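These are my notebook entries on one protein chain. I set down what I looked up, entry by entry.

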Amino acid sequence: MGRYQKRISGPLLDRIDLFVQVPRVEYDKLMSDDSAEPSATVRGRVEAARQRQRERFIEAPLVSNVDMTPVETREFCKIDDAALGLLQMAMKQFLLSARAFHRILKVSRTIADLAGADIIASAHMAEALQYRSRGLA
């Protein structure tokens with residue numbers, strides 16, 4: 001992946017919200033009787049998050065978090081102090097662009113929605129930061 005990633009320009013990579021590495025599944029896990037979370041449960045959580053977004057944007061011309069502009073991101077992405085500190089540290093440490101800053105906020109807002117939270121907490125922010133490209137943060 002790293003070889004291909006080096007061939008793609010930084011500004012283009014900066015427009016991708018999520019980078020997720022999917023490891024190989026070990027044989028023992030495939031054969032295990034332990035079941036994963038049912039799809040219906042996941043679907044319910046996603047539907048609830050989408051409903052939160054519809055309610056949040058009832059007065060705005062938006063459909064989902066990804067549609068937010070920087071002005072709307074400031075309005076709708078309320079962050080607790082710990083998450084704000086984490087974001088500030090990431091911005092300094094990884095020299096993130098303004099675009100990356102807003103994308104991280106929108107992803108963390110979506111993660112908070114999936115958790116049923118009104119305010120973005122440090123756990124939501126940390127998860128959003130983990131989804132950034134390793135080359136970009």
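**Entry 1: α6 and α8**

I began with helix α6 (residues 81–94) and α8, which pack at an angle of about 25° with their axes 7 Å apart. α6 is therefore roughly parallel to α8. Angles under 35 degrees count as roughly parallel, over 145 as roughly antiparallel, 65 to 115 as roughly perpendicular and the rest as oblique. The axes are lines fitted to C-alpha atoms, for helices over the stretch in contact, and the angles run from 0 to 180 degrees between N-to-C directions. Helices (H or I, at least four residues) and strands (E, at least two) are DSSP runs, numbered from the N terminus.

I noted that the model is a predicted one, in which local features need pLDDT of at least 70 and side-chain atom pairs count only at pLDDT 80 or more, while totals for chains, interfaces and linings use all residues. Residues are numbered from 1 along each chain as its sequence is written, and side-chain values use heavy atoms, with hydrogens and water left out.

I then listed the residues that meet: A82, A83, L86, L87 and A90 from α6, and S122, M125, A126 and L129 from α8. Contact here means heavy atoms within 4.5 Å. The residues of this contact divide into 8 nonpolar, 1 polar and no charged. In this division Ala, Val, Leu, Ile, Met, Phe, Trp, Tyr, Cys and Pro count as nonpolar, Asp, Glu, Lys and Arg as charged, and the others, Gly among them, as polar.

**Entry 2: α7 and α8**

I turned next to helix α7 (residues 98–115) and helix α8 (residues 122–130), which pack at an angle of about 125° with their axes 8 Å apart. That angle makes α7 oblique to α8. On the α7 side I found I104, L105, V107, S108, I111, A112 and A115, which meet H124, M125, E127, A128 and L129 of α8. I recorded 9 nonpolar, 2 polar and 1 charged among the residues of this contact.

**Entry 3: single residues**

Is T73 buried or exposed? I found T73 in helix α5 (residues 70–76), and it is buried, with a relative accessible area of 1%. Buried means under 20% relative accessible area, exposed over 50%, and partly exposed in between (1.4 Å probe, protein chains only). Leaving aside neighbours within four places in sequence, T73 is in contact with M68, H102, L105 and K106.

I located F19 in the loop between α2 (10–13) and α3 (27–31). F19 counts as buried because its relative accessibility is 15%. The C-alpha atoms of F19 and Q130 are separated by 8.3 Å, although these residues are 111 residues apart along the chain.

I placed L95 in the loop between α6 and α7. L95 counts as exposed, at 74% relative accessibility. I also noted a positive phi of about 50° at L95, which is not a glycine. Most residues other than glycine have a negative phi.

**Entry 4: the chain as a whole**

I counted 8 helices and 0 strands in the protein chain. Of its 137 residues, 28% count as buried. Among contacts between residues at least 6 apart in sequence, 61% join residues at least 24 apart. The protein chain exposes about 9,700 Å², of which carbon and sulfur atoms supply 57%. These areas come from the Shrake-Rupley method with a 1.4 Å probe; for residues, only the protein chains shown count as cover.
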